[in-house]
Amino acid sequence: MKKDYIIVHSCNVFSQGNPSIPEFEEQFDIVDMYKLHEKDLKDYKCMIITNFVDQDHLYEHRNIIAGFLADRKIVCFFGNLVTEWLPGAKPFIPKEIHSHMDYDISIAKPHPIFEGVLEEDMTVNKGVKGFFARGHHPLPTGAEVLLTLPGGEPVTYIDRETTEGTILVHSGGNLFQYVRMQRTGEKTTERISPQIIRWTQEEYKRLQQGVIIDA
């Protein structure tokens, strides 16, 4: 069967195994980041790239990501950008921390990905703050901000302006695997993974139909 999601995998000791989520694993495919240029991407709707990838290598092959977006598809990047391989995105800026409250996450505007998710549940994990995000990426022109840190720094944004596709940037962990990480039934963050699946499906339909959304 055709799969909707392609995960550009770092294949290193920090990221072994399938980083997708159990309920939807049949929709995910994995490619070693060093073989991305050999992969036929025409059937995929969404490309997922996470923090441990070799970003110098991606910079050398940035035309692949740009081409994927030019086909009105979705690229989701989770982590800290250090080279400018992602259209419109700028390198990560760490948050200057003075107290634990500097890690507090706020919802900038309602969005289907974070519907029903509490800010406290995103901010605190096992009694500790800072796991969800420790900095931000400067915004491209016209980007839609979803989550922020206390100084208004954008933790999560959507860019529909830079390319013909949609770019989601989150300066933290892979939002597609929050169910895998937190299957307790006690935290609202468990809603994120299935909700981002639904959002990418709807976003892809919108892109292919040429429907414009105002941020």
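Leaving aside its neighbours within four places in sequence, which residues is Thr163 in contact with, taking contact as heavy atoms within 4.5 Å? Before I answer, please keep in mind that this is a predicted model, in which local features need pLDDT of at least 70 and side-chain atom pairs count only at pLDDT 80 or more, while totals for chains, interfaces and linings use all residues. Residues are numbered from 1 along each chain as its sequence is written, and side-chain values use heavy atoms, with hydrogens and water left out.

The answer is Leu69 and Pro87. Thr163 itself sits in the loop that joins strand 11 (154-159) to strand 12 (166-170), strands being DSSP runs of E with at least two residues and helices runs of H or I with at least four, numbered from the N terminus. With a relative accessibility of 17%, Thr163 is buried, a word I use for under 20% relative accessible area (1.4 Å probe, protein chains only). Its side chain also comes to 3.1 Å from the backbone nitrogen of Gly165.

Let me turn to the cysteines. There are 0 disulfides in the structure, a disulfide being a pair of cysteine sulfur atoms within 2.5 Å. The sulfur of Cys46 has its closest cysteine sulfur in Cys76, but at 3.8 Å that is too far for a bond. Cys46 is buried at 1%, and Cys76 is buried at 0%.

Last comes helix 5, residues 192-209, whose 18 residues span 25 Å from first C-alpha to last, close to the 26 Å expected at 1.5 Å a residue, a figure calculated as 1.5 Å times one less than the number of residues. Because 13 of those 18 residues are buried, helix 5 is largely enclosed by the rest of the structure. After helix 5 comes Gly210, with a positive phi near 75°.

How values were computed. Buried means under 20% relative accessible area, exposed over 50%, partly exposed in between (1.4 Å probe, protein chains only). A polar contact is a pair of N or O atoms within 3.5 Å; within protein, one must be able to donate a hydrogen and the other to accept it, and residues adjacent in sequence count only if both atoms are side-chain atoms. Contact means heavy atoms within 4.5 Å.
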